[in-house]
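I am starting a notebook on a structure that is new to me. The entries below record what I looked up, one topic at a time.

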Amino acid sequence: QVHLVESGGGLVQAGDSLRLSCEGSGRAFSRSPVGWFRQVPGKEREFVAAISWNGDATWYADSGEGRFTISRDNARNTVYLQMNSLKPEDTAVYYCARGVGVPHGPYDHWGQGTQVTVSS
């Protein structure tokens, strides 16, 4: 069983940075690919970024390319999403998920989400 907890969200201004963390429990987490997603009320959840189990491969949505960086520290069972040059359209609830296949999934365990709000 894998349990995921996101943290690091908050209210920031456009142009600021945030680093989200996804801490996983269970040995399977450190051997699993992980993805970040985001969702705005009334819209479908969208893919943001994903990383292979050892960090050697990463994938990004066009919306975050060049601004977002996904990384992981398997010794800490944690995956990070560094978000720079944030824009108001990045406002969403951000979720991490354990992937069975990446970047398109499926993803079988999800965290509860962390809110990111970017003011203009």
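**Entry 1: arginine 67**

I began with the neighbours of arginine 67: leaving out residues up to four places away in sequence, arginine 67 touches Gln82, Met83, Asn84, Ser85, Leu86, Lys87 and Asp90. Contact here means heavy atoms within 4.5 Å. I note that this is a predicted model, in which local features need pLDDT of at least 70 and side-chain atom pairs count only at pLDDT 80 or more, while totals for chains, interfaces and linings use all residues. Residues are numbered from 1 along each chain as its sequence is written, and side-chain values use heavy atoms, with hydrogens and water left out.

Where does arginine 67 sit? I found arginine 67 in the loop between β6 (58–60) and β7 (68–73). Strands are DSSP runs (E, at least two residues), as helices are (H or I, at least four), and they are numbered from the N terminus.

Is arginine 67 buried or exposed? Arginine 67 counts as buried because its relative accessible area is 12%. The cut-offs are under 20% for buried, over 50% for exposed and partly exposed in between, with a 1.4 Å probe and protein chains only.

I also looked up a polar contact, that is, a pair of N or O atoms within 3.5 Å; within protein, one must be able to donate a hydrogen and the other to accept it, and residues adjacent in sequence count only if both atoms are side-chain atoms. The side chain of arginine 67 comes to 3.0 Å from the backbone oxygen of serine 85.

**Entry 2: salt bridges**

How many salt bridges does a search of the whole structure find? The search gives five. I count a salt bridge when a side-chain nitrogen of Lys or Arg lies within 4 Å of a carboxyl oxygen of Asp or Glu. Side chains of opposite charge can pair when their charged atoms come close.

Aspartate 90 and arginine 38 form a salt bridge at 2.9 Å, N to O. This pair links distant parts of the chain, 52 residues apart, with aspartate 90 in the loop between β8 and β9 and arginine 38 in strand β4 (residues 34–39). I find both aspartate 90 and arginine 38 buried. A network of salt bridges links Arg38, Glu46, Arg67 and Asp90.

Aspartate 108 and arginine 98 also form a salt bridge, with 2.8 Å between the closest N and O atoms. Here too the pair links distant parts of the chain: aspartate 108 is in strand β10 (residues 107–110) and arginine 98 in strand β9, 10 residues apart. Aspartate 108 is partly exposed at 36% relative accessibility, whereas arginine 98 is buried at 14%.

In the salt bridge of aspartate 73 with arginine 76, the closest N and O atoms are 3.3 Å apart. Aspartate 73 is partly exposed, at 25%, and arginine 76 is exposed, at 57%.

**Entry 3: the sheet**

I then followed an open sheet of four strands, in the order β1-β3-β8-β7, with antiparallel pairing. Its edge strands, β1 (3–7) and β7, each pair on one side only. Two strands pair if DSSP finds at least two bridges between them. Strand β3 (residues 18–25) pairs with β8 over six bridges, in the antiparallel sense. Arginine 19 is opposite glutamine 82 in β8.

**Entry 4: glutamate 89**

Last, I looked up glutamate 89, in the loop between β8 (78–83) and β9 (92–99). Glutamate 89 is exposed, with a relative accessible area of 53%.
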